[in-house]
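Thanks for passing this one along.

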Amino acid sequence: MQAVSPRGAGIATEAAADAGWQASLGQQLQRQWRRLQARLRSTWQPVTVALLAPPHVPGDAAAIDVALDAFDAWAAEHEGVNLAVQLSSRWLLCCATPEAANGAQARELAQQQWAHYFGLEAEQLNAEWQTVDVLHSGARAAAQGDVKLVCAVPRALIDGLKDVARERGLQLQAAMPWWAEGLQAALAADAAALPAPTQPEGSTRAWAWAEPGLLTQVQAEVREGRWVLTRWWSELASGLSSEGRAEPGLTPVAALTPPEPGALVWPLTSVPSLAPEQGGAA
């Protein structure tokens, strides 16, 4: 048996520590390289995922925690990507406010409705929810329709998405209702195909977007020679699916495209994400 001196033992320990440090450094460098590759691959075509949700009371913390865990598990497999998150209608409070003259009135009318249906008073709304109002008026209204729509999402959900993104090295570009771009496209297409001045007063158009178990519907009406968004609502519906999948949690949706500039999004920084000509962010 060969004896090892204390000094020799110290040298061996230092060598093992050096080897361990080098291995850890190598792993960190490999991780950073994979993140960089993912970022470069998604620079021009950001990855888009839809964050679905089970039925829950709006703002429920347990549902938000489950969603963030699912998002984190997904993010662990996609570190470094540029990402846009499209949100289930179950996460949202939305209200069409056609009578509002400006953003402040639109938010006030929406808050009154949410207080009536959900008991959500103004103080709680301001503290726990992040709101965005979209106002199309003037020249743009003639082409796209007069839109006064207020939506809100739990701050805890948005903050959680940003926290996971930082931890996983994701570039989170936007969070938005998954139907927002479809609504904008439908309004523009119908306003062009069916100019409001040629339609009888009170004529209506409606659109619907289905996700697992939920149908989101929007209605517009001809008022004084222009299309006006008058209603937004969601209702439970059995047998509906999105991309053939019905389970809650995070579901990648390859068919959805990344948000375009001006789409209804929640600002993820202090800089409003809405294009100035399309509206303003709360």
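The points below start with model confidence and then turn to the cysteines.

1. Please keep in mind that this is a predicted model. The chain has an average pLDDT of 74, and 66% of its residues reach at least 70. Over residues 1–7 the pLDDT is below 50, and beyond near neighbours in sequence this stretch has 1 contact in the model.

2. How many disulfides does a search of the whole structure find? The search turns up 1. The partners are C94 and C151, with their sulfur atoms 2.4 Å apart. For reference, the cut-off for calling a disulfide is 2.5 Å between the sulfur atoms.

3. On geometry, the link of C94 and C151 is right-handed, with 110° about the S-S bond. C94 belongs to strand β3 (residues 93–96) and C151 to strand β5 (residues 147–154), so the pair ties together parts that lie 57 residues apart in sequence.

4. Are C94 and C151 buried or exposed? Both C94 and C151 are buried.

5. Finally, a word on C95, which is in no disulfide. The nearest cysteine sulfur to that of C95 belongs to C94 and is 8.8 Å away. C95 has a relative accessible area of 3%, so it counts as buried, the cut-off being under 20%.

Key
Residues numbered from 1 in each chain as written. Predicted model: local features only at pLDDT ≥ 70, side-chain atom pairs only at ≥ 80, totals over all residues. Heavy atoms only, no water. pLDDT = per-residue confidence, 0-100. Contact = heavy atoms within 4.5 Å. Helix = DSSP H or I, 4+ residues; strand = E, 2+ residues; numbered from the N terminus. Buried < 20%, exposed > 50% of the residue type's maximum accessible area, 1.4 Å probe, protein only.
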